[in-house]
Amino acid sequence: MVGTLNHTLVEMFRRALGQTLGFVGYTIQYGCIAHCAFEYIGEFVVCSGPSMEPTIINHDVVFSERMSRHLCKIQKGDIVIAKSPYDPNINICKRVIGLEGDKVCTSSPSDLFKAHTYVPKGHVWLEGDNLRNSTDSRNYGPIPYALIRGRVCLKLWPPHSFGTLSESPTKRITKTQSDSD
Amino acid sequence: MLSFLMAQQTTVGRRYLRAFVSGFFVAVPVTVTVLDRFAYVARVEGASMQPFFNPEGGSKSDIVLLNRWSVRKYQVKRGDIVSIVSPKNPQQKIIKRVIGLEGDFIRTLGYKNKYVRVPDGHFWIEGDHYGHSLDSNSFGPVSVGLLHGRASHIIWPPSRWQQIKPSLPPNRGPLDTTEEEG
């Protein structure tokens, strides 16, 4: 009688252990697949702040894809999500105005004398679309390319502005000779 | 009889293929996640960290274990050896020692300013081998967001197996403001 009771308990324990291990295994596998998706395909971002108005408004949800960043195919005029140079736990959303080697204008449009600088190797120059209310490369200088996390390609929320994002409204991007019209 | 044997072979082949594909879909995401989030193995090239790494130079390069989990909150200590993405070339990683953290005053070796206060969210890195190192003395303080991993162990060659402990080189470190006034 005791022998069969022991046997049943052992069986129950073994089955529970097997199910737990199976569950843990599946969790690890799907967790890893999720990590790969968010790291190499894209992620959803909730934007806050006024620095990209009117292209992106406070509380908009956008999709930022990671492939362009890993393949180094970010271009001038792209809107990117990047780690803030002053606090890596905060992300910033700005537009790329210049890539390495490009000439960018550091003075504001209202200044009398125009100042220019060249973006150093391995860096990018970012500016928000809302020039009056944006802390960007005009304040902290060019940021290293590797701080970029992804390229914003699609706006998902609010539904009435669903779709791809528009070009820069600020006309701060200087087209070089080699750019096509 | 022959058609029976052939049918057996195709089912066995299909079973192997299915096992291979399902194994592939488990192994690749798990390996990629481990390399991205937990640990990374890298070979140290160049002479910028001599004599700590590659003391003989030449063809014998050290291989180190980079701990990526310990830097997920971007917390490093002075004296740690870290790998970062190079600010000059986003496709290259460089391995150097942390000399100063945000807020520290550093006396530089060959930078455009003699004294530098490390800005918020940045740190100051240097290679141990002065003169052979492309580090903060050339490109200035580095943003902490570029941090890739912390070198925790040398794992090859076996004669150099050791745990890497944080230590600042003599005379390289943040200046104490009280010392300056003295």
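Is B:R97 buried or exposed? In this predicted model, B:R97 has a relative accessibility of 3% and therefore counts as buried, the cut-off being under 20%. Its salt-bridge partner is B:D128, with the closest N and O atoms 2.9 Å apart. The pair links distant parts of chain B. B:R97 sits in strand β4 (residues 93-100), while B:D128 sits in the loop between β7 (122-126) and α2 (136-139).

A search of the whole structure gives 15 salt bridges over all chains. One of them joins the side chains of A:R95 and A:D129 at 2.9 Å, N to O. A:R95 belongs to strand β4 (residues 87-98) of chain A, and A:D129 to the loop between β7 (123-127) and α3 (137-140), so the contact ties together parts that are 34 residues apart in sequence. Both A:R95 and A:D129 are buried.

Chain B also holds a salt bridge between B:D62 and B:R160, whose closest N and O atoms are 2.7 Å apart. Here 98 residues separate the partners. B:D62 lies in the loop between β1 (39-43) and β2 (63-67), and B:R160 in the loop between β9 (147-156) and β10 (162-163). Both residues are buried.

The unreviewed UniProt entry annotates a "Peptidase S26" domain over residues 19-107 and 112-156 of chain B. In residues 19-107, the end C-alpha atoms lie 60 Å apart, with 21% helix and 29% strand. In residues 112-156, the end C-alpha atoms lie 38 Å apart, with 9% helix and 44% strand.

How values were computed
Residues numbered from 1 in each chain as written. Chains lettered and ligands numbered in written order. Predicted model: local features only at pLDDT ≥ 70, side-chain atom pairs only at ≥ 80, totals over all residues. Heavy atoms only, no water. UniProt positions renumbered as here; feature names shortened; annotations may be inferred. Helix = DSSP H or I, 4+ residues; strand = E, 2+ residues; numbered from the N terminus. Salt bridge = Lys/Arg side-chain N within 4 Å of Asp/Glu carboxyl O. Buried < 20%, exposed > 50% of the residue type's maximum accessible area, 1.4 Å probe, protein only.
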